Amino acid sequence: QAMEVRDMLKARFQGGERGMSEPLAATRNLINASLLGNIASAATQIGDTATVFAYHGLVPTVQATVEMLRGKSRITPKDLGIVNHVAEELSEMGWTGRALHMTMKVSGFHAVDMMGKKLNMNAALIKNSRLVRSAKGEAEFRAKYEPAFGEDIGQVINDLKNRRMSENVELLAFNELSDFQPISKAELPQMYLEHPNGRILYQLKTYQLKQMDVVRREAYQEIASGEPRRMAKGAKRLMILGTGYALAGVAPDAIKDWVE
């Protein structure tokens, strides 16, 4: 396990800090600009709402949507410094990178993506705030997050109960979003990090790989545990996630058909 941790850390902090060669980076940016800089791609991002429901639950998603429409969201991408950060694989800059970001803003892709991120983070905070209100839910929250927050876990729970924003609550929101979207290098495959020029093979695939990871963590690992309660929980999560991913394509397809 120590060797595995060492390899992961080397991939993140050595290979992950190396950039692609300029010609390959420019090629990827221009291809991404042509594929993402249009209304159809922006419409596809609307499907994130359905996947947020599948991941965080219907009530937190609806409540987060209402708060967002009323302008009372607890947290925004700007609060975390990711207002211009759609995904880690789209972060290469230079003039081609700037052109990519401009096309995503003009097409509406960036705006829809930021809306999805805001919805995801706020639904996550609402879900966890509801969770820690009961003794059973608080124990579940502690089991999941105590290794990350350590002795601050009690303060995090207190902040959630009182709807109080703090640095740790912001970190919680960021972690919840990172579990769902590849917004940082730590959420990307080890091979992606270790081979900078090989990243072009992952072009527009890191988000889908992350969704596969969600299904693996939330459903398949529970089913594979062999414990009846965990297997039932995994089967339920698999059904909910499957429904969410199916619904995620309905609205975007309708919009695309209308535009065409």
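**Exercise 1. Compare the radius of gyration of this predicted model with that of a compact globule.**

Step 1. Count the residues: the protein has 260.
Step 2. Apply the globule rule, 2.2 Å times the number of residues to the power 0.38. A compact globule with 260 residues would have a radius near 18 Å.
Step 3. Compare. The protein has 19 Å, which agrees.
Step 4. Along the principal axes, the C-alpha atoms fill roughly 55 × 50 × 35 Å.

**Exercise 2. Find what share of the residues is buried, and describe the accessible surface.**

Step 1. Use the cut-off: buried means under 20% relative accessible area.
Step 2. Apply it. Of the 260 residues, 42% count as buried.

**Exercise 3. State how many helices and strands the protein has.**

Step 1. Count the elements: 14 helices and zero strands.
Step 2. Check the contacts between residues at least 6 apart in sequence. Of these, 73% join residues at least 24 apart.

**Exercise 4. Describe how helix α2 packs with helix α6.**

Step 1. Locate them. Helix α2 spans residues 22–36, and helix α6 spans residues 94–107.
Step 2. Read the geometry. The angle is about 10°, and the axes are 8 Å apart.
Step 3. Classify the angle. Angles under 35 degrees count as roughly parallel, so α2 is roughly parallel to α6.
Step 4. List partners. In α2 they include Ala25, Leu30 and Leu36; in α6 they include Trp95, Leu100 and Met104.
Step 5. Sort the contact residues: eight are nonpolar, six polar and none charged.

Technical notes:
Residues numbered from 1 in each chain as written. Predicted model: local features only at pLDDT ≥ 70, side-chain atom pairs only at ≥ 80, totals over all residues. Heavy atoms only, no water. Axes fitted to C-alpha atoms, helices over the stretch in contact; angles between N-to-C directions. Helix = DSSP H or I, 4+ residues; strand = E, 2+ residues; numbered from the N terminus. Parallel < 35°, antiparallel > 145°, perpendicular 65-115°, else oblique. Contact = heavy atoms within 4.5 Å. Nonpolar A, V, L, I, M, F, W, Y, C, P; charged D, E, K, R; others polar. Buried < 20%, exposed > 50% of the residue type's maximum accessible area, 1.4 Å probe, protein only. Areas by Shrake-Rupley, 256 points an atom, 1.4 Å probe, with all protein chains shown as cover.
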